[in-house]
Amino acid sequence: MFTSLKLRCALLGLICIALGSAPNRAPAVTVEVAKKCEALTAKAYPPRVAGNPAAGSAKGTGRDRQDYFNKCLANGGKIDDNAAK
């Protein structure tokens with residue numbers, strides 16, 4: 001039983017080391033950029049019913065909205081306004 005526990009702990013330690021030393025880590029998104037992108041996304045894809053996000057978007061699909069938001073985050077909060085459909 002103790003060898004099984006030691007083996008699991010060693011495996012867990014190796015996994016933690018491997019994940020912690022990933023060379024290509026993405027930079028963290030700041031709160032300001034996320035809020036700016038959320039505002040730009042809401043402006044580009046307004047909700048069909050004001051105050052009810054479950055009603056859907058007046059323009060595009062949910063996937064379009066996600067892609068727009070992710071593109072905004074990738075560009076650091078700067079996005080071309082003509083990109084919205």
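What is the relative accessible area of asparagine 75? And which residues of α2 and α3 make the contact of these two helices?

Analyst: Happy to. Bear in mind that this is a predicted model, in which local features need pLDDT of at least 70 and side-chain atom pairs count only at pLDDT 80 or more, while totals for chains, interfaces and linings use all residues. Residues are numbered from 1 along each chain as its sequence is written, and side-chain values use heavy atoms, with hydrogens and water left out.

Asparagine 75 has a relative accessible area of 39%, so it counts as partly exposed (buried means under 20%, exposed over 50%, and partly exposed in between, with a 1.4 Å probe and protein chains only). Asparagine 75 belongs to the segment after α3, and its C-alpha atom is 9.5 Å from that of valine 33, a residue 42 positions away along the chain.

To place that segment, let us step back to the whole chain. The protein chain has three helices and two strands, in the order α-α-β-β-α from the N terminus. Here, helices (H or I, at least four residues) and strands (E, at least two) are DSSP runs, numbered from the N terminus. Of the 85 residues in the protein chain, 12% are buried. Among contacts with a separation of 6 or more, 47% join residues 24 or more positions apart, where a contact means heavy atoms within 4.5 Å.

Now to the part you asked about. The axes of α2 and α3 are 9 Å apart, and the two helices pack at an angle of about 145 degrees. Those axes are lines fitted to C-alpha atoms, for helices over the stretch in contact, and the angles run from 0 to 180 degrees between N-to-C directions. The crossing of α2 and α3 is right-handed, a term for the near helix being turned clockwise from the far one by less than a right angle, with anticlockwise giving left-handed. From α2, the contact draws on Val33, Ala34, Cys37, Glu38, Leu40, Thr41, Ala42 and Ala44, and from α3 on Arg65, Tyr68, Phe69, Cys72 and Leu73. By type, these residues are 10 nonpolar, one polar and two charged; Ala, Val, Leu, Ile, Met, Phe, Trp, Tyr, Cys and Pro count as nonpolar, Asp, Glu, Lys and Arg as charged, and the others, Gly among them, as polar.

Two residues of α2 deserve a visit. Cysteine 37 sits in helix α2 and has a relative accessible area of 0%, so it is buried. Leaving aside residues up to four places away in sequence, cysteine 37 touches Phe69, Cys72, Leu73 and Gly77. Its C-alpha atom is 8.6 Å from that of glycine 76, 39 residues away along the chain. Threonine 41, also placed in helix α2, is buried because its relative accessible area is 1%.

Tyr68 brings us to the rings. The whole structure holds one aromatic pair. Tyrosine 45 and tyrosine 68 form it: their ring centres are 5.5 Å apart and their planes meet at 80 degrees, so the pair is edge-to-face. Tyrosine 45 is in the loop between α2 (31-44) and β1 (47-49) and tyrosine 68 in helix α3 (residues 62-74), so this pair links distant parts of the chain, 23 residues apart. The rule is that rings of Phe, Tyr and Trp (its six-membered ring) pair if their centres lie within 6.5 Å; planes under 30 degrees apart count as stacked, over 60 as edge-to-face and the rest as tilted. Tyrosine 45 is buried at 3% relative accessibility, and tyrosine 68 is buried at 6%.

Next along the loop between α2 and β1 comes proline 46, partly exposed with a relative accessible area of 26%. Proline 46 touches Ser57, Ala58 and Lys59, residues up to four places away in sequence not being counted.

Finally, aspartate 64 in helix α3 is buried at 19%. A polar atom of its side chain lies 3.1 Å from the backbone nitrogen of threonine 61.

Notes
A polar contact is a pair of N or O atoms within 3.5 Å; within protein, one must be able to donate a hydrogen and the other to accept it, and residues adjacent in sequence count only if both atoms are side-chain atoms.
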